[in-house]
Amino acid sequence: CSKGASRSVAVVLAHSMAAGATLPEAFEEVAGLRWRIWPSALLVDALLGLEAERLKASGKPPFDERARAARIRRIGTHAAWATAWHN
């Protein structure tokens, strides 16, 4: 993780989510501060699972597949753009 773009970003996102942010909110906050981020698909999936668990524990309904797909598209689009500009 010499670039600080995937694993370390996932840790920061998880920390922000533990403090109450949704994954999209956390991602926008981090991407606004450091635009060259591209968490791996496996880490994004783990973060989505963390968000779903947090919603379930709070008694809120989980997000549906459409909302999940929107989260993945947003992060994936940013990651592709950041990777292209990084190289």
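Mentor: Helix H4 covers residues 65-86, and Trp81 is one of its residues. Keep in mind that this is a predicted model. Trp81 has a relative accessibility of 45% and therefore counts as partly exposed.

Next come the charged side chains. Side chains of opposite charge can pair when their charged atoms come close. Searching the whole structure gives three salt bridges.

Take Arg74, whose side chain meets that of Glu28 in a salt bridge, at 2.6 Å from N to O. Arg74 belongs to helix H4 and Glu28 to helix H2, so this pair ties together parts that are 46 residues apart in sequence. Both ends are partly exposed: Arg74 has a relative accessible area of 35%, and Glu28 has a relative accessibility of 38%.

Arg68 makes a salt bridge with Asp45, with 2.5 Å between N and O. Since Asp45 lies in helix H3 (residues 41-57) and Arg68 in helix H4, the pair ties together parts that are 23 residues apart in sequence. Here too the ends are partly exposed, with Asp45 at 40% relative accessibility and Arg68 at 22%.

Arg71 pairs with Glu51 in a salt bridge, and their closest N and O atoms are 2.9 Å apart. This pair links distant parts of the chain, 20 residues apart, with Arg71 in helix H4 and Glu51 in helix H3. Are these two residues buried or exposed? Arg71 counts as buried because its relative accessibility is 16%, where buried means under 20%. Glu51 is buried as well, with a relative accessible area of 2%. Arg71 has a further contact: it lies over the face of Phe63, at 4.4 Å from the ring centre.

Helix H2 spans residues 23-33, and its buried residues are Leu23, Ala26, Phe27, Val30 and Ala31. Seen down the axis of H2, these buried residues fall within an arc of 125°, so they line one face of the helix. The face of H2 turned away from that buried side carries the exposed residues Gly32 and Leu33.

To sum up, helix H4 is tied to helix H2 by the pair of Arg74 and Glu28, and to helix H3 by the pair of Asp45 and Arg68 and by that of Arg71 and Glu51.

Notes
Residues numbered from 1 in each chain as written. Predicted model: local features only at pLDDT ≥ 70, side-chain atom pairs only at ≥ 80, totals over all residues. Heavy atoms only, no water. Helix = DSSP H or I, 4+ residues; strand = E, 2+ residues; numbered from the N terminus. Buried < 20%, exposed > 50% of the residue type's maximum accessible area, 1.4 Å probe, protein only. Arc of directions from axis to C-beta. Lys NZ or Arg CZ within 6 Å of the ring centre and 35° of its normal. Salt bridge = Lys/Arg side-chain N within 4 Å of Asp/Glu carboxyl O.
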